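Please keep the structure open beside you as you read.

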Amino acid sequence: MQDHIAELLRTALTQVAAGPFPSLEQPDRIGIERTRDASHGDFASNVAMASAKSARANPRQIAEAIVAALPNSPQVEKVEIAGPGFINFFLTSDAATAVVGQVLDAGEAYGRAAAPSGRKVMVEYVSANPNGPLHVGHGRGAALGDCVANLLEAAGHSVGREYYVNDAGRQMDILAASIWVRYLELHQVTVAFPTGGYQGEYVREIARNLEQSHGDRFVHSGAAIVNGIGHDAPAGDKDAFVDALIAKMKTLLGEGFAIVHAAGLDSQLADIRDDLEGFGIVYDRWFSEASLVQDGAVEHALDRLKASGHTAERDGALWLKSSEMGDEKDRVLVRANGAYTYFATDIAYHLNKLERGFDTLVNVWGADHHGYIARMRAAIEALTGSDEALVVRLSQFVSLFRAGEKVGMSTRAGEFVTLRELRGEVGVDAARFFYVMRSSDQPLDFDLALATSQSNDNPVYYIQYAHARICSVLQQATDAGIHFDAMTGRGALARLTEPHETAVMGLLATFPERVEQAAAQYSPNIVANALRDVAEQFHSYYNAHRFLLPDDPELTQARLTLVVAVRQVLANGLGLLGVSAPESM
RNA sequence: GUCCCGGUAGCUCAGUUGGAUAGAGCAAGCGCCUCCUAAGCGCUAGGUCGCAGGUUCGACUCCUGCUCGGGACGCCA
């Protein structure tokens, strides 16, 4: 409809430029927006104001000339000039009700792009280190990433979803050492648990499983272990101590180290996968960091970086001169000891994604990765000559509130609320909706009591209830012997003239635009807001009018048709967020 | 110190590419179920859009400075 109006305006502008206002220049883009107030019509344009400068005239006079030159359209009822020079378009009722047919024809596809965009987008999300269960902060990134991927698919892009598994770094070694110490405790070998280790109960569980499958294979005496590895905090440095413990473990266990390491990795990865599946999230691929090292992808990436001329060797290490590309300092790629940094393997992963044909790489990261963005931009620029392929969405921190008390979180101390616990407490629907209903730029206060309350305080139920109510109405119709017939209803849409009905149809018409906008901005909260608006307008309509009218079968069919279209839009929107659309509540 | 995000109603937050009288929910107050689900609806009240300049026909929106809150600044991942 915007396109149609824009066309009318262009025709008129050409005439105006040829006639009364010769200096008027055609604007590149004609601003047309939906009005907020029904008294301003359905659409409004500000072209007259935007053209005031080039035409060197008062906006209202220009608007009058434009309106006089506007071609007639069967879809436009009337046109008015208002305020400082807005041109307001009032649609005919046929044009307004047409959206109901469009929704029913498109069905599940309503709100989705009509044609493929040809773009290939990779969305990488969560990618938490597999050294412990996911907590509620990861949950936000999970919900956000999954919804963004859904939105990009709706926008017509070909979308990949991946979890980058950090299975090659020090953190995983620390997990292995933590498991080993717990395992030793099972064999009455007491080694003080390292301050820098992972203390969660899940570590003991992995140790017990290891003990069951491998018996005493990894047992060594306490004296042999402690010998020469220095002191833990507070007497010594806790990081140095953990590293020394890991080194000692590798020496004593030999190939056994890999078994303990794998026991930790496999168990945590399986747990995370199960957790995310329970949250409605399924990846196309779990991409191993270690595999990049093994198959030479990291060397390949480093070669590409060196060829770009953006690297330098200094102090025995290889650096990316990222400060030349917007980063605040240069970054190490290969340490003086020859080991790749996490940054280097991550660059290799990003290059891999580009080489697989993805033109846009969306990364959903926790807000604590903010400092990492500039260097990754620099890396992408060094590889491709531009950083535009990289899109980063940060998910700001989540604070949980239980009974008004803020619940603390610390992964190392093993004190955190897990995503699994959250799902158990509030359910998948409420959790997913709460996670994405706010802008991801905004820290989230997650109120557990609110998410579980079955009251009108709870926004997710408000929307689901609208859907269930419509299902209930249709059930009531069936029970009353009214056979819903969409053909009859669509033929009678002209009967829908109540302001409530006009408002509902207007929102249905806006829905695809809002989905498109949400995709363009990687912002699922826009869909959450659109859903709330539709639900609100429906509930208001429901209270103001009855749908089942025994004395007026034609109007009954028309209203049921509208309401079925509303149900379709609610279901489509909830589907984009990964929230269920219940038929009864 | 540098950089990023934020500051909008008592609280939690929307606010499209710069547009008309800045919106919603909760909380507060008053109403609405012999009627398709009251998990709902209607009405009332509530504002220096952090502060000060600038850009322009027009600024919550863009620019500059300041201020307050959160975060990031490692040869960790």
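1. Let's start with Arg432, which is buried, with a relative accessible area of 1%. Buried here means under 20% relative accessible area, exposed means over 50%, and partly exposed is in between (1.4 Å probe, protein chains only). Arg432 is found in helix H17, residues 428-436. Helices (H or I, at least four residues) and strands (E, at least two) are DSSP runs, numbered from the N terminus.

2. A word on the ground rules: this is a predicted model, in which local features need pLDDT of at least 70 and side-chain atom pairs count only at pLDDT 80 or more, while totals for chains, interfaces and linings use all residues. Residues are numbered from 1 along each chain as its sequence is written, chains are lettered from A and ligands numbered from 1 in the order in which they are written, and side-chain values use heavy atoms, with hydrogens and water left out.

3. Leu577 leads us to helix H23, residues 553-577. At 1.5 Å a residue, its 25 residues should span 36 Å, and the end C-alpha atoms are 36 Å apart, which agrees; the expected span is 1.5 Å times one less than the number of residues. In H23, 19 of the 25 residues are buried, so the helix is largely enclosed by the rest of the structure. Gly578 follows H23 and has a positive phi, near 75 degrees.

4. Next, please look at strand S6, residues 158-165. Seven of its eight residues are buried, so S6 is largely enclosed by the rest of the structure. Strand S5 (residues 120-125) pairs with S6 in the parallel sense over five bridges; two strands pair if DSSP finds at least two bridges between them. Val159 in S6 is the bridge partner of Val121. From S5 the chain crosses through helix H6 (residues 136-154) to S6, and this β-α-β crossover is right-handed: with the strands pointing away from the viewer, the path from the first strand over the helix to the second runs clockwise.

5. S6 has another parallel partner, strand S7 (residues 285-288), joined to it by four bridges. There, Tyr164 stands opposite Phe287 in S7.

6. Two backbone angles deserve a look. Val126, in the loop between S5 and H6, has a positive phi of about 70 degrees although it is not a glycine. Is Val126 buried or exposed? At 14% relative accessibility, Val126 counts as buried. Tyr522 is in the loop between helix H21 (499-520) and helix H22 (525-544); its phi is near 55 degrees, a positive value in a residue other than glycine. Tyr522 is buried too, with a relative accessible area of 15%.

7. Arg335 sits in the loop between strand S10 (331-334) and helix H14 (342-355). At 38% relative accessibility, Arg335 counts as partly exposed. Not counting residues up to four places away in sequence, Arg335 touches Gly316, Ala317, Tyr340 and Thr341.

8. How far apart are the C-alpha atoms of Gly101 and Gly489? They are separated by 9.8 Å, although the two residues are 388 residues apart along the chain. Gly101 lies in helix H5 (residues 93-106) and, at 8% relative accessibility, counts as buried.

9. For the whole chain, there are 23 helices and 15 strands in chain A, and 50% of its 585 residues count as buried. The C-alpha trace spans about 95 × 65 × 40 Å along its principal axes.

10. Finally, confidence: the mean pLDDT of chain A is 89, and 97% of its residues reach 70 or more, where pLDDT is the predictor's confidence in each residue, from 0 to 100. Over residues 410-414 the pLDDT is below 50. Where pLDDT is low, the predicted coordinates should not be read in detail.

Key
Contact = heavy atoms within 4.5 Å.
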